[in-house]
Amino acid sequence: MTELHTDRLTLRAWHDSDLEPWASMNADPEVREHLGDLLTREQSDASVARFQAEFDRRGYGWWAVEVQATGEFIGFAGLDQVDDDMPFTGVEIGWRLARPAWGQGYATEAARTVLAYGFEALDLPEILAVTTAVNLRSQAVMRRIGMTRNPADDFDDPTAPEGPLRSNVLYRIRRGPRM
């Protein structure tokens, strides 16, 4: 598995020691506010197993994110194929961090590195990002990393129940010219 590094972060393979803090994140209502139901420990552990299997199969996916200075696991960032039931196709960037890591620029830092990997190593022509219309923090990260939104691309998530998680926005960024 390719490891990515920023000035402050390491994006790496998942370790067994990540399972407990990952489960805590998935049981945190604020972390899950824009994602849906809280996850049980079993569901959380199963998600990591899926992440690893997908990464092994495709060569990209969701990296565990740790702070280099402390070795602390703070969440994930990476790339994934858009789900088949969405009204568009492509590769999506995403991130999820534990609450103590919010507001420190980590999501933006990790996302910029993931974008560079997607464009340079994977030669992707475009990368997408999706979030709920009410998730203003993630939309701010999307704008900071150079993504743009066309309101005509916004959509209702067919997998979400009626309510605030149904209305979604789509951001895009295309690979720039090669140097």
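Start by selecting Ile127: its bridge partner in strand 9 is Ile173. Keep in mind that this is a predicted model.

**Stop 1: strands 6 and 9**

Now widen the selection to both strands. Strand 6 and strand 9 run antiparallel, and seven bridges join them. Is strand 6 enclosed or open? Six of its seven residues are buried, so the rest of the structure largely encloses strand 6.

**Stop 2**

Side chains of opposite charge can pair when their charged atoms come close. Select Glu126 and Arg174. Their side chains meet in a salt bridge, at 3.9 Å from N to O. Glu126 lies in strand 6 (residues 126-132) and Arg174 in strand 9 (residues 167-174), so this pair ties together parts that are 48 residues apart in sequence. Salt bridges with shared partners join Glu126, Asp153, Arg172 and Arg174 into one network. Is Arg174 buried or exposed? Arg174 counts as exposed, at 54% relative accessibility.

**Stop 3: helix 3**

Next, select residues 106-120, which form helix 3. How far apart are its end C-alpha atoms? They are 21 Å apart. At 1.5 Å a residue, the 15 residues of helix 3 should span 21 Å, so the two values agree.

Helix 3 is mostly covered, with 12 of its 15 residues buried. Among the buried ones are Tyr106, Ala111, Leu115, Tyr117 and Phe119. Glu109 is on that list too.

**Stop 4**

Glu109 has a relative accessible area of 15%, so it is buried, the cut-off being under 20%. Arg8 is partly exposed, at 31%.

**Stop 5: another link across the chain**

Select Arg58 and Asp80. Here too is a salt bridge, with the closest N and O atoms 2.9 Å apart. Arg58 is in helix 2 (residues 41-58) and Asp80 is in strand 4 (residues 73-81), 22 residues apart. Which of the two counts as buried? Asp80 does, at 15% relative accessibility. Arg58 is partly exposed, at 21%. How many salt bridges does the whole structure hold? A search finds 15.

**Stop 6: the nonpolar cores**

Select Leu11, Ile93 and Trp95. They have the most contacts inside the largest nonpolar core, which has 34 residues. Several elements each supply at least two residues of this core, including strand 2, strand 5 (91-97), helix 4 (136-144) and strand 9. Which element gives the largest share? Helix 3 does, with eight residues.

Zoom in on Ile93. Leaving out residues up to four places away in sequence, Ile93 touches Trp62, Gly78, Leu79, Ala111, Val114, Leu115, Ile127, Leu128, Ala129, Ile145 and Met147. Ile127, where the tour began, is one of these contacts.

How values were computed: Residues numbered from 1 in each chain as written. Predicted model: local features only at pLDDT ≥ 70, side-chain atom pairs only at ≥ 80, totals over all residues. Heavy atoms only, no water. Salt bridge = Lys/Arg side-chain N within 4 Å of Asp/Glu carboxyl O. Helix = DSSP H or I, 4+ residues; strand = E, 2+ residues; numbered from the N terminus. Buried < 20%, exposed > 50% of the residue type's maximum accessible area, 1.4 Å probe, protein only. Expected span 1.5 Å × (residues − 1). Pairing = 2+ DSSP bridges. Core = buried A, V, L, I, M, F, W, Y, C linked by side-chain atoms within 4.5 Å. Contact = heavy atoms within 4.5 Å.
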